[in-house]
Amino acid sequence: MCNLVDNTAEHRFEMIQNGHKTFIDDAKKGSVIVLLHTEVPSALRGQGAGSRLARAVLDAVRSNNMKLSIKCDFLLHFIAKHPEYKNLVSV
């Protein structure tokens with residue numbers, strides 16, 4: 001079950017996983033979303049929480065017909081491993 005929230009006031013996408021908040025900071029510029037930083041609490045690291053968050057955010061971007069610019073190393077590596085998301089990256 002995906003509980004992704006686009007928290008526009010905080011400029012980030014958030015997901016609660018196992019009672020912990022994970023998030024990706026973003027900046028929206030027209031039809032482009034710049035993904036800046038991924039944060040996963042240490043209690044969830046190594047358990048796939050970052051990947052679940054990344055997949056949920058990228059699927060949301062795709063469903064809203066937006067394009068991406070990525071400044072986050074974690075997300076750059078995620079997309080390199082999951083080429084089905086490469087077509088979202090425009091800048």
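1. In this predicted model, five strands form an open sheet in the order E1-E2-E3-E4-E5, and their pairing is mixed. The edges are taken by strand E1 (5-7) and strand E5 (67-70); each has a single partner strand, so one side of each lacks a neighbour in the sheet. On average, neighbouring strands of this sheet are turned by 30 degrees against each other, direction ignored.

2. Strand E2 (residues 12-17) and strand E3 (residues 20-29) run antiparallel and are joined by six bridges. Within this pairing, Gln17 stands opposite His20 in E3.

3. Helix H1 (residues 49-63) packs on the sheet, where it touches E2, E3, strand E4 (32-39) and E5. The direction of H1 makes about 135 degrees with that of E2.

4. The UniProt record, an unreviewed entry, carries the annotation "domain: N-acetyltransferase" for residues 5-90. Over residues 5-90 the chain is 28% helix and 36% strand, with the end C-alpha atoms 23 Å apart.

5. One aromatic pair is found in a search of the whole structure. Phe78 and Tyr85 form this pair, with 6.1 Å from centre to centre and 35 degrees between the planes, an arrangement classed as tilted. Phe78 and Tyr85 are both buried.

6. A further side-chain arrangement involves a charge and a ring: the charged end of Arg12 sits over the ring of Phe23, at 4.1 Å from the ring centre.

Note on methods:
Residues are numbered from 1 along each chain as its sequence is written. This is a predicted model: local features need pLDDT of at least 70, side-chain atom pairs count only at pLDDT 80 or more; totals for chains, interfaces and linings use all residues. Side-chain values use heavy atoms; hydrogens and water are left out. Rings of Phe, Tyr and Trp (its six-membered ring) pair if their centres lie within 6.5 Å; planes under 30 degrees apart count as stacked, over 60 as edge-to-face and the rest as tilted. Buried means under 20% relative accessible area, exposed over 50%, partly exposed in between (1.4 Å probe, protein chains only). A charge sits over a ring if NZ of Lys or CZ of Arg is within 6 Å of the ring centre and within 35 degrees of the ring normal. UniProt positions are given in the numbering used here, feature names are shortened, and annotations may be inferred rather than shown by experiment. Helices (H or I, at least four residues) and strands (E, at least two) are DSSP runs, numbered from the N terminus. Two strands pair if DSSP finds at least two bridges between them. Axes are lines fitted to C-alpha atoms, for helices over the stretch in contact, and angles run from 0 to 180 degrees between N-to-C directions. Contact means heavy atoms within 4.5 Å.
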